[in-house]
Amino acid sequence: MELSKSHLENIKALKSAILQSRYRAATLVNKELLTLYFAVGKFISQKIKVEKWGAKVIENLSADLQVELPGLRGFSATNMKRMRLFFESWQEHSIIGPTVLVQLEVIDLEEITFRPTVSAQLKKIFFELSFSHHLEIIQGTQRIEERIFYIQKTATEFWSLNTLKNHLNNQTFQKTGSLPNNFSKTITNDEIRQKALQSFKDEYLLDFINIQDSDEKDERVLESEIVQNIKKFLMSLGSDFAFIGNQYRLIVEDEEYFLDLLFFNRRLQSLVVFELKTGKFKPEYMGKMNFYLSALDEYLKQPHEQPSIGIILCKEKKNKVVEFSFRDFNKAMGVSTYKTSSVLPAAYKGVLPDVETLKKLMD
């Protein structure tokens with residue numbers, strides 16, 4: 001039996017209402033849960049300070065709660081310690097209720113409110129994150145500016161826990177907007193320029209890359225690794241990027257040219273080229289990139305889109321060399337570096353064996 005148009009519209013309206021209701025219910029449940037955990041964390045923190053509670057007391061409390069409320073989840077001793085961390089991490093930036101002495105035997109479930117310095121930035125979105133997300137952010141950041149940045153990004157870009165961990169490991173806050181670029185000269189629209197600065201990083205962590213020879217000079221090997229792990233690469237770039245293709249072919253005056261990686265950024269409404277270099281940045285890379293961007297704008301860019309942007313992703317760079325190389329080019333470009341998990345941090349050199357030594361030990 002064929003359904004009438006009005007009936008289909010009724011189904012659509014009901015479906016939309018149900019989904020909205022479920023979302024609001026889930027948001028309210030999460031808000032209540034965070035409020036409870038914050039209050040319990042406050043209670044435990046105060047008890048530790050005033051009554052000198054130790055770890056054993058919390059373990060006993062957790063065990064007794066299981067007896068009182070069989071099947072209770074989320075109140076293990078470990079989780080209760082995390083609740084204390086949650087409270088103490090936000091204590092300085094929140095408006096706490098009655099004094100400690102009055103509240104020692106009462107767990108106050110009033111709504112979490114923030115001081116004016118952070119209130120506007122955290123309004124609504126604070127309660128959109130799960131407790132697990134909040135813990136990752138607390139443990140992975142040091143300053144309130146970092147914490148707010150990751151909360152905002154997680155809420156607005158719907159980061160999963162794994163995506164959030166990846167951005168914390170990659171130090172996205174520190175690296176966003178810091179890459180050497182010529183955007184101030186080549187992007188005249190202030191809003192688009194700010195968005196472009198926020199869309200690219202000075203360094204990308206490609207910990208999914210597995211290049212056996214650290215001196216490998218063939219960029220196609222690096223490209224192949226990225227394409228095989230394109231979802232992870234997109235995760236490191238950000239949610240606004242859509243992958244168009246690798247070795248993207250352009251034809252100019254009957255000659256073929258191939259772009260390593262081509263993306264579209266929805267926020268910028270712009271094509272973005274990534275050219276891969278496994279060695280040190282060289283000034284001549286700029287001329288080639290400028291040519292690619294001119295060709296893209298001539299043959300591929302749609303009328304409603306912004307001019308294309310090029311990023312040269314290389315193993316090493318010297319910022320002064322990059323700065324001089326930008327001069328006299330009229331296309332928007334930036335230079336970033338990448339590192340892989342096989343690159344041992346300087347602090348561990350001499351303490352842990354390098355990749356080659358590990359291979360020999362395993363043979």
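Trainee: Is the crossing of helix 6 and helix 7 left-handed or right-handed?

Mentor: Right-handed is the crossing of helix 6 and helix 7 (the near helix is turned clockwise from the far one by less than a right angle). Before we go on: this is a predicted model, where local features need pLDDT of at least 70, side-chain atom pairs count only at pLDDT 80 or more, and totals for chains, interfaces and linings use all residues. Residues are numbered from 1 along each chain, and side-chain values use heavy atoms, without hydrogens or water.

Back to our pair: helix 7 covers residues 144-157, and its axis comes within 9 Å of that of helix 6, crossing at roughly 150° (axes are fitted to C-alpha atoms over the stretch in contact, angles running from 0 to 180 degrees between N-to-C directions). Helix 6 and helix 7 are therefore roughly antiparallel (over 145 degrees). On the helix 6 side, His 133, His 134, Ile 137 and Ile 138 make the contact (heavy atoms within 4.5 Å). Helix 7 brings Arg 147, Tyr 150, Ile 151 and Thr 154.

Helix 6 itself spans residues 131-140, and it also packs against helix 8, residues 161-169 (helices are DSSP runs, H or I, of at least four residues). Here the angle is about 10° and the axes are 10 Å apart. That makes helix 6 roughly parallel to helix 8 (under 35 degrees). Ser 132, His 133, Glu 136, Ile 137 and Gly 140 of helix 6 meet Leu 161, Leu 164, Lys 165 and Leu 168 of helix 8. Look for His 133 and Ile 137 in particular: both take part in the contact with helix 7 and in the contact with helix 8.

Note on methods
Helix = DSSP H or I, 4+ residues; strand = E, 2+ residues; numbered from the N terminus. Parallel < 35°, antiparallel > 145°, perpendicular 65-115°, else oblique.
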